[in-house]
Amino acid sequence: MSAIRIKKGDLVRVIAGKDKDKEGKVLAINKKANKAIVEGVNMVSKHMKPSMANQQGGIVSQEAPIDISNIMYVHKGQKTKIGYKFEDGKKVRIAKSTGEVID
């Protein structure tokens, strides 16, 4: 199993599936299942019972997890792979296409 290089809060683009070419921010990562929840991508309808949080209940549209292999990091408007490099004794993420430090 390879390391997950995408983190919560990253801007990503979907590269495969029904939502191909859509962009969104990563809301959550599930390392064990190798999946991510991306804002506005892979929307599903869920039937909710009335509760304290949702008084009305009904059908709610929400994001479902998408496989990590189907998304790519977006750097300066272009999708790119992510690599690692040591700078000043710290491990930092870099964009493979430009070689610039991401964070």
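**Reading exposure, phi and strand pairing**

Q: Is Arg-5 buried, partly exposed or exposed?
A: Buried means under 20% relative accessible area, exposed over 50%, and partly exposed in between (1.4 Å probe, protein chains only). With 36% relative accessibility, Arg-5 counts as partly exposed. Arg-5 sits in the segment before strand S1 (11–14); strands here are DSSP runs of E, at least two residues long, numbered from the N terminus.

Q: What should I know about the model itself?
A: It is a predicted model, in which local features need pLDDT of at least 70, side-chain atom pairs count only at pLDDT 80 or more, and totals for chains, interfaces and linings use all residues. Residues are numbered from 1 along each chain as its sequence is written, and side-chain values use heavy atoms, with hydrogens and water left out.

Q: How do I read a positive phi, and which residue has one of about 60°?
A: Most residues other than glycine have a negative phi. Asn-34, not a glycine, has a positive phi of about 60°. Asn-34 lies in the loop between strand S2 (23–30) and strand S3 (35–38), and is partly exposed at 24% relative accessible area.

Q: Where is Lys-76 found?
A: Lys-76 is in the loop between strand S7 (71–75) and strand S8 (78–80). Its phi is positive too, near 55°, and at 62% relative accessibility Lys-76 counts as exposed.

Q: How many bridges join S9 to S10?
A: Two strands pair if DSSP finds at least two bridges between them. Six bridges join S9 (residues 82–87) to S10 (residues 90–95), and the two run antiparallel. Gly-83 faces Ile-94 of S10 across this pairing. The hairpin of S9 and S10 has two residues between the strands, and Asp-88 in this hairpin takes a positive phi near 55°.

Note on methods:
Helices (H or I, at least four residues) and strands (E, at least two) are DSSP runs, numbered from the N terminus.
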